[in-house]
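I looked up each item in turn and set down what I found.

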Amino acid sequence: INQAGGHSVARSHYAEGEGAQMFETMYEFGLSKGVDFEFNVTATEIIKNEAGEVTAVKATNGDQDITFNANKGVVLATGGFGQNEELLKKYDKTYVEGAICTNSILSTGDGIGLAENAGANLVGMEYVQKHPTSNATTGELISSANSGRGLGTTIIVNKEGVRFVEELERRDVISDTTAKQTGGVSYSFFDQKAADETEFFEKFGAEIESLIDTGEAVRADTIEEACKFFE
């Protein structure tokens, strides 16, 4: 359990095998309960009867058409739409053109379209999760920078070296504020004293070293030396 940025207490749970471990665990549990899994199947339409009740889902598997009939109902557990720029522009009024997404390439909102076509009432679409501390090149989440905010290890500064936001603010607040800074970027900054007090390197040393190797982070003896690296 870890305290991440924006959290008032430690409430982030981490699986030993990261995200994949959660899927593997749920899959094995489903098998033990007799759940049938169909892979490489694309849902294409939600079917309703004359009374408006959902009774089936049409799908395809390659060139094969499949209909899954429902005994009691259909649970639509679709992913998000982080990889669908059109939907992001439609619903997120603070969307930044060209923003990098960490979601799977499959997060295109297809299931949302299925639901809408079936008459679903879409709510909360404007609440798009943004993460302010990510790899500027790949968009990959940086656990050390995120947790550094929660631990009180890191501060966030802009290109002018000014701390412009409260690190424990919500992710969207920090992200939107960062977008308004010079170049639309910010930097997570910490010193050895803060790292020692929070056991930062014991928790995230491997990730930090990797970021240094790829040029996404720098270890310096002076503030001036650190700043010059990112000019």
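Entry 1. I looked up Tyr187 and found it partly exposed, at 21% relative accessibility; I use buried for under 20% relative accessible area, exposed for over 50% and partly exposed for values in between, with a 1.4 Å probe and protein chains only. Phe230 is also partly exposed, with a relative accessible area of 28%. I note here that the model is predicted, that local features need pLDDT of at least 70 and side-chain atom pairs pLDDT 80 or more, and that totals for chains, interfaces and linings use all residues. Residues are numbered from 1 along each chain as its sequence is written, and side-chain values use heavy atoms, without hydrogens and water.

I then counted ring pairs: rings of Phe, Tyr and Trp (its six-membered ring) pair if their centres lie within 6.5 Å, and planes under 30 degrees apart are stacked, over 60 edge-to-face and the rest tilted. The count by this rule is nine aromatic pairs. For Tyr187 and Phe230 the ring centres are 5.3 Å apart and the planes stand at 50 degrees, so this pair is tilted. Tyr187 belongs to strand β5 (residues 187-189) and Phe230 to the segment after α8 (223-229), so the pair ties together parts 43 residues apart in sequence. My helices (H or I, at least four residues) and strands (E, at least two) are DSSP runs, numbered from the N terminus. I also recorded a cluster in which ring pairs link Phe190, Phe200, Phe201 and Phe204.

**Entry 2. α4 against α7.** Two packed helices are described by the angle between their axes and the distance between the axes. I read an angle of about 145 degrees and an axis separation of 9 Å for α4 and helix α7 (residues 200-213). The axes are lines fitted to C-alpha atoms, for helices over the stretch in contact, and angles run from 0 to 180 degrees between N-to-C directions. The crossing of α4 and α7 is left-handed, a term for the near helix being turned anticlockwise from the far one by less than a right angle.

Which residues of α4 and α7 make the contact? Contact means heavy atoms within 4.5 Å. From α4 I listed Ser143, Ser144, Ser147, Gly148 and Leu151, and from α7 Phe200, Lys203, Phe204, Glu207, Ile208 and Leu211. By class, the contact has five nonpolar, four polar and two charged residues. Here Ala, Val, Leu, Ile, Met, Phe, Trp, Tyr, Cys and Pro count as nonpolar, Asp, Glu, Lys and Arg as charged, and the others, Gly among them, as polar.

Entry 3. In helix α5 (residues 171-179) I found Ile174, Ser175 and Thr178 buried. Down the axis of α5, these buried residues fall within an arc of 100 degrees, so they line one face of the helix; the arc is that of the directions from the helix axis to the C-beta atoms. Their cover includes α4 and β4 (155-157).

In α3 the buried residues are Gly111, Ile112, Leu114 and Ala115. Their arc around the axis is only 160 degrees, which puts them on the same side of α3. Asp110 and Asn117 are exposed on the other side of α3. β1 is included in what covers the buried residues of α3.

**Entry 4. Two loop residues.** I placed Leu122 in the loop between α3 (110-117) and α4 (143-151). Leu122 is partly exposed at 26% relative accessibility. Beyond its neighbours within four places in sequence, Leu122 is in contact with Tyr91, Ile112 and Glu116.

Val185 sits in the loop between α5 and β5 and is partly exposed at 30% relative accessibility. Not counting residues up to four places away in sequence, Val185 touches Asn158, Lys159 and Thr178.

**Entry 5. Positive phi.** Most residues other than glycine have a negative phi. I noted Asn40, not a glycine, with a positive phi of about 60 degrees. Asn40 lies in the loop between α1 (18-32) and β1 (42-48) and is exposed at 71% relative accessibility. Glu199, also not a glycine, has a positive phi of about 55 degrees. Glu199 is in the loop between α6 (192-198) and α7 and is partly exposed, with a relative accessible area of 46%.
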